[in-house]
Amino acid sequence: MTAWRMVRIHLKRVLSLVLLAGLIGISPPAAAQAVDVLIVHSYHPGYDWVDGVNAGILRPFQEAGISYQFEYMDTKRHPGEDWKRTSGKKAKAMLEKLKPTVVIAVDDNAQTYFAKDYAGRSEIQVIFCGVNADPDRYGYPANNITGILERTYVDQTLQLLNMINPYWDAVALICDASATAELVLKRLEDTKAAGKLPVPVVSLSQPSNFDEWKKTVLANEQDPLIKALLIPLYHTVKDHQTGRSVLPAAIMQWTTAHTSKPIVGLWPFSPQDGALAAVVVDPHEHGRTAALMAKQILAGKSAAELPMVQNRDGYVVINMKCASALNIEVPFEILQTADRIIE
């Protein structure tokens, strides 16, 4: 088995954009109706990860005739503590109103400000997905809670970078200061301490605002030791004057325009916004797994009968437009086996 085959880790091709658009376009039941499943998202519709999770959920639900309702906490665009607490209360009010049999809680903020408060309560069955933290932080698993843990492919992404060019032997990490970023950094530090990173990550930076972000990028550009950048998350960076969140695509576009060094990420939005490549967590797997667990519970099982699992699927994204701009020749073997190529 080649090294490339080993790094692909069950890579699966992404659902077509046409199918995704069709699934996301299906209208959920009216909010006033009782539903089988309440889906509580930490973030907002239109965010790449959210739309991918929804696509994974909706296909099994449509096939089985399961009724559902969405609640979006919108904490990516509004990361303040007051907003998070208020949005968690709104999700709880929606649960009381709809009285679903099952709740699917997506990502860590939905656990912190909503779902964890129902651990051990028999009146509701909860399934989580997209959880980066250790589950015991939320009191999981419980007799009424199970789900799928999210584990990013940091070492595989760095291995991909090394395979594209083995001379990129030092990487700097830059990311926002979101709660998800903190969890990603902790796991990266653990992986680094265990000696499992294929390329050394020699610095970690979390700029407080876009002005500081720019300074960090330019400093790394001038550092001859740094050969590439790992930028997993950049969605809560704020303008230093207005205090408003800067559009993530604008942050990546500025970054790629002001560095000559390749950038890799851990989610699909990074190469979509202009980074070179990523081995990414598949949001469809998280949504699909949660939906199939919900179907089993609606058929009579309890969450306690369904063991927690961890994501196993991922896919490789290569941005050839970026590669061309950086005069990088991506090996044919990588292109041949990549799941998505952006041209």
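**View 1. Phe-128 and Tyr-140 are both buried in this predicted model.** The rings of these two residues form a stacked aromatic pair, with 5.2 Å from centre to centre and 10° between the planes. The pair links distant parts of the chain, since Phe-128 belongs to strand S4 (residues 125-131) while Tyr-140 lies in the loop between S4 and strand S5 (145-149), and the two are 12 residues apart. The ring of Tyr-140 also pairs with that of Tyr-138, and here the centres are 5.6 Å apart and the planes stand at 45°, so this pair is tilted. Tyr-138 is buried, as is Tyr-140.

**View 2. Tyr-43 belongs to a cluster of aromatic rings.** Ring pairs join Tyr-43 with Tyr-47, Tyr-234, Trp-267 and Phe-269 in this cluster, and a search of the whole structure finds 11 aromatic pairs. Over the ring of Tyr-43 sits the charged end of Lys-76, at 4.4 Å from the ring centre.

**View 3. The charged end of Lys-214 sits over the ring of Phe-210.** The distance from this charged end to the centre of the Phe-210 ring is 4.6 Å.

**View 4. Cys-322 is buried, and its sulfur is too far from the closest cysteine sulfur for a bond.** That closest sulfur belongs to Cys-175 and is 19 Å away, whereas a disulfide requires a pair of cysteine sulfur atoms within 2.5 Å. By this rule, the count for the model comes to 0 disulfides. Cys-322 has 13% relative accessibility and therefore counts as buried, and Cys-129, at 0% relative accessibility, counts as buried too.

Definitions and conventions. Residues numbered from 1 in each chain as written. Predicted model: local features only at pLDDT ≥ 70, side-chain atom pairs only at ≥ 80, totals over all residues. Heavy atoms only, no water. Buried < 20%, exposed > 50% of the residue type's maximum accessible area, 1.4 Å probe, protein only. Phe/Tyr/Trp six-rings, centres within 6.5 Å; stacked < 30°, edge-to-face > 60°. Helix = DSSP H or I, 4+ residues; strand = E, 2+ residues; numbered from the N terminus. Lys NZ or Arg CZ within 6 Å of the ring centre and 35° of its normal.
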